[in-house]
Amino acid sequence: MWRHLNRLLFWSIFSSVTCRKAVLDCEAMKTNEFPSPCLDSKTNVVMKGQNVSMFCSHKNKSLQITYSLFRHKTHLGTQNGKGEPAIFNLSITETHESGPYKCKAQVCSCSKYSRDFNFTIVDPVTAPVLNITVIQTETDRHITLHCLSVNGSLPINYTFFEKHIAISPAISKYDRESAEFKLTRKNPGEEEEYRCEAKNRLPDYAAYSQTVTMPSTDGGSCPFCLKLLLPGLLLLLLVIILILAFWILPKYKARKAMRNNVPRDCGDTAVEVGIYANIHEKQAKEGSVPEVGSRPCVSTAQDEAEHSQELQYATPVFWEVAPRQQEACDSYKPGYVYSELNF
């Protein structure tokens, strides 16, 4: 029991001496023996939802110091350390969590605060879009590269790459506009690949565009130009097809209608519409010609204007007659025999 009391007495004396020494250190603050602690982080630019670590340290490595972290007036945590900084892990999820933060270093009744520390919250960039404009000459290609990221906090730095090699310096844009880079290339014998990078103040975070491939050229040919003209050629071909379709279709419908309205003779023999016979009427003084197996037939047909026409058909009869007297001509000799056609 006496041993226990001796121990309590010893620790009370030791604590009293330590506190007195701390008070002396506090009195000696003017001599910078106990300066303010330092609060820092690996980065002060973050995006929402990012985890961060804050370090609170003191130059005096011999004292046992109690570190406390505050955001505004809210106490976030306390750690003890000697010679090593205290580490506080946080997650920034809202805008008001950007700060200010303060760290307090305390030894007994002596304490000091660090300077304010604030995070800057930025929106990450999205994948940019790369567009290429080409002016082709006989020997060279004049290429203009355009790169734009539609989202992300400004300013944004753009860098252009050919394959995996940077071909431009970082181009900073403080407005939402595309970065532009011009270059000239000899007509190559192999394909060229281009892409661009977009990056803002957010560290260790960048977005890249899709790779755009330009085909090789042979001599003065321009396959890339042909690719650009392909949509126009397809449109022209479509217009030609439509014109031909509207020009041929009415004719096809008219012919089909005529074939459907073809008349039939009495002997079930097809008679083509549009063939007409000029009927020669005999003079009244001539006698009628006896019919030999003639069989008249009447049929009806419609023309394109939908008008009905009545057509009469008859079987002609031929017989031999004396040749007509020809005009006198010394060099002409009649060599033909004519017959009359009677209906």
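Predicted model: local features only at pLDDT ≥ 70, side-chain atom pairs only at ≥ 80, totals over all residues.

Guide: Happy to! Let's start with Glu180, which is partly exposed because its relative accessibility is 42%, a value between the 20% and 50% limits for that class. The side chain of Glu180 meets that of Lys182 in a salt bridge, with 3.9 Å from N to O. That distance counts because the rule asks for a nitrogen of Lys or Arg within 4 Å of a carboxyl oxygen of Asp or Glu.

Now look at Lys173, which forms a salt bridge with Glu177. Here the closest N and O atoms are 3.5 Å apart. Glu177 has a relative accessible area of 38%, and therefore it is partly exposed.

Next, find Glu162 and Arg185, another salt-bridged pair, whose closest N and O atoms are 2.8 Å apart. This pair links distant parts of the chain, as the two residues are 23 residues apart. Glu162 sits in strand S12 (residues 156-162), while Arg185 belongs to strand S15 (residues 179-186). Arg185 is partly exposed because its relative accessible area is 26%.

How many salt bridges does the rule give in total? The count comes to six, and the pairs we visited are among them: Glu180 with Lys182, Lys173 with Glu177, and Glu162 with Arg185.

Definitions and conventions
Residues numbered from 1 in each chain as written. Heavy atoms only, no water. Helix = DSSP H or I, 4+ residues; strand = E, 2+ residues; numbered from the N terminus. Buried < 20%, exposed > 50% of the residue type's maximum accessible area, 1.4 Å probe, protein only.
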